[in-house]
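Subject: Handover of a structure with two chains

Dear colleague,

Please find below the sequence and structure that I am handing over to you. My notes on what was found follow directly after.

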Amino acid sequence: MALLEVENLQTHFRTPGGINRAVDGVSFHVNEGETLAIVGESGCGKSVTSMSLMRLIPEPPGRIAGSIRFAGRDLLKLSDREMRAIRGNDISMIFQEPMTSLNPVLTVGRQIRETLMIHQGLDKQAAEAHAIEMLTLVGIPEPKRRVGEYPHQLSGGMRQRVMIAVALACNPKLLIADEPTTALDVTIQAQILKLMLDLKRRVGAAIILITHDLGVVAEIAERVMVMYAGRKVEEAPVAELFRSPRHPYTQGLLGAVPKLGSSLAGTATRLAEIPGQVPDLRKPITGCVFAGRCALATDLCRQYAPGLEEKGPRHIAACHYAAKGAIAA
Amino acid sequence: MLSYILRRIVATLPVMAIVALFVFSLLYIAPGDPAVVIAGDQASPEDVERIRQSLGLDRPFLVQFGSWVWRILHGDLGTSIFTNLPVSAMIAQRLGPTLSLMIVTLLLTVVVAVPLGVVAAWKAGSLIDRVIMGFAVFGFSLPVFVVGYMLAYIFALELEWLPVQGYTPLSSGFWPWLENLILPAIALGCVYIALVARITRAAMLEVLQQDYIRTAKAKGLGQGGILFIHALKNAAVPIVTVIGIGIALLIGGAVVTESVFAIPGLGRLTIDAILRRDYPVIQGIVLLFSFVYVLVNLMIDVVYTLVDPRIRY
């Protein structure tokens with residue numbers, strides 16, 4: 001059953017240079033306990049999508065339209081008070097920057113306690129005990145001591161663990177992780193990903209993982225949605241997507257991933273890059289959003305925007321030519 | 001922490017010594033010979049010379065300075081040339097009203113200016129923000145005596161809500177004490193409130209951009225909790241600094257305010273002493289104000305460590 005159903009989400013920003021259509025008509029769903037990855041390059045609208053789900057976009061200049069049905073309720077129709085009761089409780093978030101996402105002048109314990117006291121109505125003692133429990137759960141040694149420490153006394157990896165503890169304290173149904181490992185060392189990245197998966201299994205939360213790291217996607221996601229220029233261009237189960245990407249943009253993304261050991265094996269090739277720039281989202285786009293950078297684009301692509309079509313089992317993509325074997329690289 | 005405070009106190013000693021040297025030099029820099037002033041218009045040169053000798057004004061500068069410092073360290077600020085009373089007693093007598101005025105002004109400022117600044121930052125660019133900042137510019141540009149007379153005219157003479165002037169000690173009741181201090185505190189606090197509100201707004205604007213504020217929102221905190229706990233505590237260092245610097249403004253402003261509202265405090269004593277060239281009194285007051293200022297700075301440094309755990313000494 002779908003926990004979250006997003007229908008025609010449009011997040012636009014009023015700017016001096018015109019209306020920036022950061023997210024323009026994106027629909028997707030997340031099932032209970034499922035992990036959906038949203039991938040795309042910087043500026044494709046993936047972070048704005050996640051912030052829109054939490055209604056953390058400042059309005060104005062932002063404006064969110066469409067519908068976001070979470071557990072049967074349209075989040076866009078809730079009052080601010082109702083929305084606050086959902087944030088941090090039913091849906092919580094982990095951010096990219098563990099160094100700056102925790103409040104530097106409040107103790108770690110206080111920052112975990114807060115959500116418990118607001119949402120679960122725990123008193124200070126109970127919340128403190130639960131905070132220590134959460135720190136133990138996310139693998140922080142000496143939790144009783146750490147709970148009274150400040151963020152600057154912790155390393156980056158530890159801070160991200162604290163962020164996870166904050167996010168999972170109230171057993172959310174949905175966890176949105178916006179580039180949770182991008183700012184961390186590779187060894188720490190693996191630990192944090194494993195931790196997220198362990199905890200997800202324990203609390204049964206669904207995860208929306210926003211990333212541009214396809215290695216991370218392959219590791220933990222079940223389904224992948226590819227975004228480009230504020231639109232969804234492809235969506236498929238993770239194995240299917242890696243095996244047979246249909247959209248030229250997705251193929252470009254996969255081609256840009258270096259293969260470890262390829263030079264030793266003598267199979268090294270020049271990394272494929274996607275030429276050109278993301279289009280200016282303040283100008284109306286006719287035709288396919290990717291046409292300007294696509295090697296296969298034809299006049300058809302430049303005139304008519306392709307719709308999302310079924311290209312395989314549970315696999316959809318928005319490309320006029322995706323069905324044809326010619327581009328299945 | 002305690003050792004830090006002790007070290008800081010020791011470090012203020014040279015500052016105080018330099019201040020003392022300046023204060024003492026006043027006698028030599030300022031025009032007019034104190035011996036002539038004390039002796040009066042009818043005195044003969046012999047009288048003046050006698051007075052000069054009795055005050056020790058004929059001895060070398062450093063000797064005079066040394067014995068002056070020695071006496072101060074023993075709590076003796078000298079004797080007023082005009083009233084013949086000990087300077088310390090004269091200051092003690094006037095300390096109550098000035099201290100009352102300063103404390104009420106300080107509290108009023110913090111209670112009014114900080115929330116105004118926070119709201120202005122929260123609603124940055126809105127009408128509320130522009131109104132608050134407009135008042136801040138207004139408050140900043142009006143001299144204390146203009147505000148003082150305006151307030152006295154409106155609230156005391158026309159509306160008769162509050163007394164026009166005067167001072168009642170706290171020992172005769174809280175309200176009679178406060179009643180006399182409200183208008184002076186507003187007049188004196190105007191510039192101070194404007195300054196603190198502006199700094200609060202600026203500091204909050206920067207803090208509200210930070211990632212941890214987004215985190216606080218994502219946790220489901222209400223606006224109040226975000227602004228006054230998560231944001232304000234981070235913005236506190238510059239705000240506390242300006243509140244501290246503002247105490248220097250208060251000391252200067254108190255002199256004018258006390259004159260406008262006929263408050264028998266140190267400000268009035270200062271003016272009287274200057275007009276009478278009563279050097280021991282001037283020296284005593286300047287020394288006291290300097291000491292208070294050094295003390296306030298020390299307190300600010302200690303407050304830093306309370307609001308920001310990253311600051312450790």
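pLDDT is the predictor's confidence in each residue, on a scale from 0 to 100. The term is needed here, as this is a predicted model. In chain A, residues 324–329 have a pLDDT that stays under 50. For that stretch the model has seven contacts beyond four places in sequence. Chain A as a whole averages a pLDDT of 84, and 95% of its residues score at least 70.

One open sheet in chain A has four strands in the order E2-E1-E4-E5, and the pairing is antiparallel. Which strands stand at its edges? They are E2 (18–31) and E5 (73–74) of chain A; each has a single partner strand, so one side of each is left without a neighbour in the sheet. Within the sheet, strand E1 (residues 2–15) and strand E4 (residues 62–70) of chain A are joined by eight bridges in the antiparallel sense. As a point of orientation, A:Gln10 stands opposite A:Ala65 in E4(A). Helix H1 (residues 46–53) of chain A packs on this sheet and touches E1, E2 and E4 of chain A. The direction of H1 makes about 70° with that of E2(A).

Strand E1 of chain A also holds A:Asn8. The phi of A:Asn8 is near 50°, a positive value in a residue other than glycine. For background, most residues other than glycine have a negative phi. Is A:Asn8 buried or exposed? With 11 C-beta neighbours inside 10 Å, A:Asn8 counts as exposed, since the cut-off for an exposed residue is 12 or fewer.

Another open sheet in chain A has eight strands, in the order E6-E7-E8-E3-E9-E10-E12-E11, with mixed pairing. E6 and strand E11 (309–312) of chain A stand at the edges; each has a single partner strand, so one side of each lacks a neighbour in the sheet. On average, neighbouring strands of this sheet are turned by 25° against each other, direction ignored.

The mixed pairing can be followed in two places. E6(A) runs parallel to strand E7 (residues 174–178) of chain A, and four bridges join them; A:Met93 stands opposite A:Ile176 in E7(A). Strand E10 (residues 231–237) and strand E12 (residues 315–317) of chain A run antiparallel and are joined by two bridges; here A:Glu235 stands opposite A:Ile316 in E12(A).

In a regular strand the side chains alternate between the two faces of the sheet. In E6(A), A:Ile91 and A:Met93 point one way, while A:Ser92 and A:Ile94 point the other way. All of these residues are buried.

The loop between E7 and helix H8 (186–203) of chain A contains A:Glu179. A:Glu179 is not a glycine, yet its phi is positive, at about 50°. With 19 C-beta neighbours inside 10 Å, A:Glu179 counts as partly exposed.

Chain B

How many helices and strands does chain B have? There are twelve helices and zero strands. The C-alpha atoms of chain B fill a box of roughly 85 × 55 × 35 Å along the principal axes. Chain B has 313 residues, of which 35% count as buried. Among its contacts with a separation of 6 or more, 71% are between residues 24 or more positions apart.

Just after H11(B), B:Arg277 takes a positive phi of about 50°.

Where the chains meet

The contact takes 24 residues from chain A and 19 residues from chain B. On the side of chain A that touches chain B, helix H2 (80–86), strand E6 (91–94), helix H3 (98–101) and helix H4 (108–119) each supply at least two residues. H4(A) gives the most, with four residues. The residues of this side of chain A divide into eleven nonpolar, nine polar and four charged.

Yours sincerely,
A colleague

Conventions
Residues numbered from 1 in each chain as written. Chains lettered and ligands numbered in written order. Predicted model: local features only at pLDDT ≥ 70, side-chain atom pairs only at ≥ 80, totals over all residues. Contact = placed C-beta atoms within 7 Å. Buried ≥ 20, exposed ≤ 12 C-beta atoms within 10 Å, placed from the backbone. Nonpolar A, V, L, I, M, F, W, Y, C, P; charged D, E, K, R; others polar. Pairing = 2+ DSSP bridges. Axes fitted to C-alpha atoms, helices over the stretch in contact; angles between N-to-C directions.
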